Amino acid sequence: MKILVCIKQVPDTAEVKLDPKTGTLIRDGVPSIINHDDKAGLEAALKLRDEVGGTVSVVCMGPPQADVALREALAMGADEAYLLSAREFGGSDTYATATIIATALKKIGYDLVITGRQAIDGDTAQVGPQIAEQLHVPQVSYVEELKADGEYMIVKRQFEDQAHMLKVKMPCLLTALAELNEPRYMTVKGIVEAYEKPVTVWGFDDLKNDLNPEWIGLKGSPTNVFQSFGKQLRAPGTKLVGVTPEQAVEAIMAKLIERHII
């Protein structure tokens with residue numbers, strides 16, 4: 001089985017700050033980590049390989065420093081790593097990002113693709129499903145359990161207060177929840193070997209035969225982020241003390257009418 005895992009290097013959100021003037025993330029000096037859902041997807045891929053055989057390849061789109069995230073994936077046990085990095089890719093929204101990644105995945109070849117449900121720096125949960133659409137393969141999102149069954153994957157999908165049990169034929173794409181498993185730690189031996197393995201770097205020229213420049217980057221993105229902002233604390237509410245129930249209802253109704261809620 002050839003398993004491809006898509007990961008993203010993201011800022012550690014516990015330490016993210018926003019520029020008060022521009023509303024954009026301040027990334028300088030902020031430590032980066034592998035996105036939590038993606039790391040769970042990588043662990044699932046490694047377990048599948050150990051059970052049924054095959055290889056696990058990790059793919060990441062990002063700047064050159066994303067090499068660190070790929071080395072961590074290799075240290076955890078991945079067999080090979082690919083970094084998609086080019087100036088032409090900059091400014092890509094989820095659709096353009098999925099287009100670039102899907103093009104690379106087609107070039108590598110796969111039986112199973114695993115992505116995280118969503119990235120903690122964007123929370124869109126769009127890239128995984130969009131990759132599946134680009135690849136024209138079936139997809140299952142919000143995966144909390146999985147196992148291989150011949151040419152099929154048996155998947156438990158989280159769904160509100162219940163779950164779906166699905167059987168999907170490979171090739172297919174699954175998006176993993178962080179709750180899927182507990183990712184393994186890197187070993188000293190794994191870290192040493194990770195820096196002895198090559199990371200394949202593909203830029204635009206490596207994918208241009210199958211990648212229209214009009215579909216990628218800022219120019220090829222149908223959406224863009226207007227502004228980012230942190231969660232603001234709400235002002236304290238009004239306390240009604242020493243009033244009758246009738247007076248409380250009257251005060252609440254007046255406030256609702258004032259705010260055009262009713």
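Which residue takes a positive phi in the hairpin of strand 9 and strand 10? Select Gly 150: its phi is near 65 degrees, and the hairpin has 2 residues between the strands.

Before moving on, some ground rules. The model is predicted: local features need pLDDT of at least 70, side-chain atom pairs count only at pLDDT 80 or more, and totals for chains, interfaces and linings use all residues. Residues are numbered from 1 along each chain as its sequence is written, and side-chain values use heavy atoms, with hydrogens and water left out. Helices (H or I, at least four residues) and strands (E, at least two) are DSSP runs, numbered from the N terminus.

**Stop 1: strand 9 and its partners**

Select residues 139–149, which form strand 9. Strands count as paired if DSSP finds at least two bridges between them.

Click Val 143. Opposite this residue in strand 12 stands Ala 176. In strand 10, the bridge partner of Val 143 is Arg 157.

**Stop 2: Thr 175**

Stay in strand 12 and pick Thr 175. Is Thr 175 buried or exposed? Thr 175 is buried, because its relative accessible area is 2%. The cut-offs are under 20% for buried, over 50% for exposed and partly exposed in between, with a 1.4 Å probe and protein chains only.

Show its contacts (heavy atoms within 4.5 Å). Leaving aside neighbours within four places in sequence, Thr 175 touches Thr 115, Gly 116, Arg 117, Gly 128, Pro 129, Val 140, Ser 141, Tyr 142 and Val 143.

**Stop 3: strand 6**

Go to residues 55–61, strand 6. Of its 7 residues, 6 are buried, so strand 6 is largely enclosed by the rest of the structure. Strand 1 (residues 2–7) runs parallel to strand 6, joined by 6 bridges. Find Val 5 and look across to Val 58 in strand 6. Strand 7 (residues 80–84) also runs parallel to strand 6, with 5 bridges. There, Met 61 has Leu 84 as its bridge partner.

**Stop 4: helix 1 against helix 2**

Select residues 36–52 for helix 1 and 67–76 for helix 2. They pack at about 30 degrees, with axes 11 Å apart. Axes are lines fitted to C-alpha atoms, for helices over the stretch in contact, and angles run from 0 to 180 degrees between N-to-C directions. The two helices are therefore roughly parallel. That label covers angles under 35 degrees; over 145 is roughly antiparallel, 65 to 115 roughly perpendicular and the rest oblique. The crossing is right-handed, meaning the near helix is turned clockwise from the far one by less than a right angle.

Show Lys 39, Leu 42, Glu 43 and Leu 46 on helix 1, then Glu 72, Ala 73 and Met 76 on helix 2; these make the contact. They divide into 4 nonpolar, no polar and 3 charged.

**Stop 5: Thr 99**

Jump to helix 3, residues 94–108, and select Thr 99. Thr 99 is buried, at 4% relative accessible area. Beyond neighbours within four places in sequence, Thr 99 contacts Gln 134, Leu 211 and Trp 215.

**Last stop: Pro 198**

Finish on the loop between helix 5 (188–194) and strand 13 (199–202), where Pro 198 lies. Pro 198 is exposed, with a relative accessible area of 66%. Draw a distance from its C-alpha to that of Leu 105, 93 residues apart along the chain: the separation is 18 Å.

How values were computed. Nonpolar A, V, L, I, M, F, W, Y, C, P; charged D, E, K, R; others polar.
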